[in-house]
Amino acid sequence: MELQARCLCVVAMLLVAGLAGLDTAHGAGECGRVPVDQVALKLAPCAAATQNPRAAVPPSCCAQVRAIGRSPKCLCAVMLSDTARKAGVKPAVAMTIPKRCAIANRPVGYKCGPYTLP
């Protein structure tokens, strides 16, 4: 009987966890089906450039920003995410990266919370 109760408990927990992630699984997040904090990890090559406006922006960073920036909503969510904040990202500096990468089709003037993409 105790084994059945444990199995039932595990199944219930899995069901609750599955329902909790249902919106993300159907692409309801800012970055589609991928959680914002997971996308933020792709910006690791940008670490120094997000803290110092004079730091060189590595090509690998520009490539990631270019890909993520196809969705300005996602780019903003990533730059303002908990993961970015915990990594020491300065949002005002991070917002300058698309311009510093000379991304021609960047969303100039797009509002990211209290920040505006230059």
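Predicted model: local features only at pLDDT ≥ 70, side-chain atom pairs only at ≥ 80, totals over all residues.
What kinds of residues, nonpolar, polar or charged, make up the lining of the largest pocket?

View 1. Local features here need pLDDT of at least 70 and side-chain atom pairs count only at pLDDT 80 or more, while totals for chains, interfaces and linings use all residues. Residues are numbered from 1 along each chain as its sequence is written, and side-chain values use heavy atoms, leaving out hydrogens and water. Starting at the N terminus, the order is α-α-α-α-α-α-α-α-β-β. Of the 118 residues, 29% are buried (buried means under 20% relative accessible area, exposed over 50%, and partly exposed in between, with a 1.4 Å probe and protein chains only).

**View 2. The largest pocket has a volume of about 240 Å³.** A pocket is found on a 1 Å grid over the protein atoms alone, as an open set of points where a 1.4 Å probe fits, with protein on both sides within 12 Å along at least five of seven lines; its lining residues have an atom within 4 Å of a point. Among the 17 lining residues, Ala40, Leu43, Ala44, Ala87 and Val89 are the closest to the pocket's centre. Here is the reply to the opening question: the lining has 14 nonpolar residues, three polar and no charged. Ala, Val, Leu, Ile, Met, Phe, Trp, Tyr, Cys and Pro count as nonpolar, Asp, Glu, Lys and Arg as charged, and the others, Gly among them, as polar. Helices H5 (72-79) and H6 (82-86) each give at least two residues to this lining.

**View 3. The largest nonpolar core has 27 residues.** Such a core is a set of buried Ala, Val, Leu, Ile, Met, Phe, Trp, Tyr and Cys residues joined through side-chain atoms within 4.5 Å. Val57, Val65, Ile68, Val78 and Ile97 have the most contacts inside this core. H5 supplies the largest share, six residues. Look for valine 65: beyond its neighbours within four places in sequence, this residue is in contact (heavy atoms within 4.5 Å) with Leu43, Cys46, Leu75, Ile97, Pro98 and Ile103.

**View 4. Helix H5 is largely enclosed by the rest of the structure, because six of its eight residues are buried.** Those buried residues are Cys74, Leu75, Cys76, Ala77, Val78 and Met79. Their cover includes H3, H4, H6, helix H7 (91-94), helix H8 (97-100) and strand E1 (111-112).

**View 5. Aspartate 82 and arginine 85 form a salt bridge in which the closest N and O atoms are 3.4 Å apart.** A salt bridge is a side-chain nitrogen of Lys or Arg within 4 Å of a carboxyl oxygen of Asp or Glu, and the count by this rule is one. Aspartate 82 is partly exposed at 42% relative accessible area, whereas arginine 85 is exposed at 54%.

**View 6. Alanine 102 has a positive phi of about 60°, although this residue is not a glycine.** Most residues other than glycine have a negative phi. You can find alanine 102 in the loop between H8 and E1, where it counts as exposed at 58% relative accessibility.

Terms used
Points joined across faces, edges and corners; volume = space filled by probe spheres on them. Helix = DSSP H or I, 4+ residues; strand = E, 2+ residues; numbered from the N terminus.
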